[in-house]
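Please walk me through this structure in the viewer, one selection at a time, and tell me what is found at each stop.

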Amino acid sequence: MREVTDWLVHQFNITFVVSNRYRLFIEGFRNTIIIALCAAVIGIFIGSVVAMVRVYCAQTGRLKIIDILFGAYLAIFRGTPIVVQLLIMYYIILQSLHNALLVAVIAFGINSGAYVAEIVRAGILSVDIGQTEAGRSLGLPAFRTLILIVLPQAIKNILPALGNEFVILIKETSVASFITVRDLARAGANVRATTMEPYFSLIFVALVYFCLVFGVTKLLRILERRLAKSDRNNSR
Amino acid sequence: MTEIIAVKNLWKNFGDNQVLKNIDYIINQGEKIVVVGPSGSGKSTFLRCLNLLETPTSGKIIFEGEDITNASKRLNKIRRKMGMVFQNFNLFPHLTVRGNIILAPVNLKLMNRDEANKRADKLLARIGLSDKAETYPNMLSGGQKQRIAILRSLAMNPDIMLFDEPTSSLDPEMIGEVLALMKDLASEGMTMVVVTHEMGFAREVATKVLFMDGGRILEEAAPEEFFTAPKHPRLADFLSKVL
Ligand SMILES: Nc1ncnc2c1ncn2[C@@H]1O[C@H](COP(=O)(O)OP(=O)(O)O)[C@@H](O)[C@H]1O
Ligand SMILES: [Mg+2]
């Protein structure tokens, strides 16, 4: 018994206490959160714009060239691994930035945008086409019909899928260390390498990711339920 | 008589499916055109071509003297003048009854919010649904929904109203209230094109009844003649089934 507690205390010490290693975890956690949150915001912005333009083009035949470009963007970023995208961003396209964290935010944001675009588009297309026709037959232009009539109804289909995408994003950020970002996963890996003790460092990191994902999932559930409730009170 | 809509050599294909075959028709101000015919004969497509919800494969739609077939920029302006009422109402579920009625007039800056609200109140009072102004469409009966949908179009002060089977998805006991509102509009002089299976309405209200089959207008006559002395054998056959 004594030996076990001794071992645990020793492990705890060299993982967190010696040379203030707990700071590495805090820094990693902070970076992981920064990347996930900023990338989500960028992704939602890009994804919404791309989705709306694509729907608008399908409906009106306008903005054809932009639509083709956006189509290529979706194909490329959904068709290649995020790690490769990260490396290309860091070593080629955004080489001049010299800021790995910023590059990670941008790379994950653009990557996430490609997935969000499909989510938003599917949400828009799930709204009865009769809604669009009613708007257009009143003389509302296509884009305004989309914003005023279709999107508000699409939101409830979009939000749950968007939540899933965010959870995936949180976990995916763990590959940011490929471009030297000191995120949470990297903190665990670094501490393991210095202490040569894998148990506490790696399992602790896994635990933090798990709690993060678990908490976010729970939060999203609550949000969804709220939305469904207000929906019952209002519409349909 | 003033021409509101002229349809010239209208063809419409969906892929290989020829749905409208060389339709020519003129709708004059104040006319009530009722369109009947078997399902799949192209009635909806014809109606939807009038406000360019469907793009004609060839031919022209002239609205108040202007060729609107390729008027992509002006189209939104022109559609304000053509109300459309759908079989499934297509009310906006996320907006109140009032919100449904004032959305387009306010957004297109035809009225300010106060004016639009006043207009909505007036319209609602007319059909006795003033107390429903702040409720959402899901709280309404089918008949109420369809009458609100009609008001939503009327709020734009259209020159013509297009109805695509406005009573077909209603429970029988609610059909009357919708038809009554449409008759009301008719008697006020509104120009109307109505696709319907309500032969009683056609008899009573129509200035002309059209029979469509296979993408063509096979017969056009005043209701009396249309129902008592059909010339085309297909129409006689159709009437024997529906009357
Ligand atoms: N959007 C569409 N795409 C393909 N085919 C269509 C479309 N709308 C209608 N059709 C076809 O056109 C024909 C006529 O349809 P419609 O105008 O709705 O007839 P009706 O209103 O007289 O029942 C049908 O064969 C239908 O399948
Ligand atoms: Mg039809």
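Over all chains, this predicted model holds 17 salt bridges.

**Stop: Glu27(A) and Arg182(A)**

Select Glu27(A) and Arg182(A) and show their side chains: the two form a salt bridge, with 3.1 Å between the closest N and O atoms. Glu27(A) belongs to helix α2 (residues 22-60) of chain A, while Arg182(A) sits in the loop between α7 (142-172) and α8 (184-195) of that chain, so the bridge ties together parts that lie 155 residues apart in sequence. Glu27(A) is partly exposed, at a relative accessible area of 23%. Arg182(A) is also partly exposed, and its relative accessible area is 43%.

**Stop: Glu118(A) and Arg121(A)**

Move to helix α5 (residues 100-125) of chain A and select Glu118(A) and Arg121(A). Their side chains meet in a salt bridge with an N to O distance of 3.8 Å. The two residues are 3 apart in the helix, which means that about one helical turn separates them. Arg121(A) has a relative accessible area of 29% and is partly exposed. For Glu118(A) the value is 24%, again partly exposed.

**Stop: Glu225(B) and Lys231(B)**

In chain B, select Lys231(B) and Glu225(B), whose side chains form a salt bridge at 2.8 Å, N to O. Are these residues buried or exposed? Lys231(B) is exposed, with a relative accessible area of 60%; Glu225(B) is partly exposed, at 34%.

Next, select Glu133(A), Arg48(B) and Glu54(B) together. Salt bridges with shared partners join these three residues into one network.

**Stop: ligand 1**

Centre the view on ligand 1 and display the residues around it: Phe14(B), Asn17(B), Val19(B), Pro38(B), Ser39(B), Gly40(B), Ser41(B), Gly42(B), Lys43(B), Ser44(B) and Thr45(B). By type, this shell consists of 3 nonpolar, 7 polar and 1 charged residue.

Which elements supply at least two residues of the shell? They are β2 (17-28) and α1 (43-50) of chain B. The largest contribution is that of α1(B), with 3 residues.

- Thr45(B): an N or O atom of the side chain is 2.5 Å from an oxygen atom of ligand 1.
- Ser44(B): a polar side-chain atom lies 2.7 Å from an oxygen atom of the ligand.
- Asn17(B): the distance from a polar side-chain atom to a ligand oxygen atom is 3.4 Å.

Taken alone, ligand 1 exposes 560 Å², of which the protein buries 59%.

**Stop: a nonpolar surface patch in chain A**

Return to chain A and colour the surface of Val4(A), Trp7(A), Leu8(A), Tyr199(A) and Ile203(A). Together these residues make a nonpolar surface patch of about 500 Å². Two elements of chain A, α1 (2-17) and α9 (198-234), each give two or more residues to the patch. The most comes from α1(A), with 3 residues.

End by selecting Trp7(A), a patch member found in helix α1 of chain A. Trp7(A) is partly exposed, with a relative accessible area of 39%.

Key
Residues numbered from 1 in each chain as written. Chains lettered and ligands numbered in written order. Predicted model: local features only at pLDDT ≥ 70, side-chain atom pairs only at ≥ 80, totals over all residues. Heavy atoms only, no water. Patch = residues over 30% accessible without salt bridge, like charges linked within 9 Å, V, L, I, M, F, W, Y side chains within 5 Å. Areas by Shrake-Rupley, 256 points an atom, 1.4 Å probe, with all protein chains shown as cover. Salt bridge = Lys/Arg side-chain N within 4 Å of Asp/Glu carboxyl O. Helix = DSSP H or I, 4+ residues; strand = E, 2+ residues; numbered from the N terminus. Buried < 20%, exposed > 50% of the residue type's maximum accessible area, 1.4 Å probe, protein only. Near = heavy atom within 4 Å. Polar contact = N/O pair within 3.5 Å; in protein donor to acceptor, adjacent residues only side chain to side chain. Nonpolar A, V, L, I, M, F, W, Y, C, P; charged D, E, K, R; others polar.
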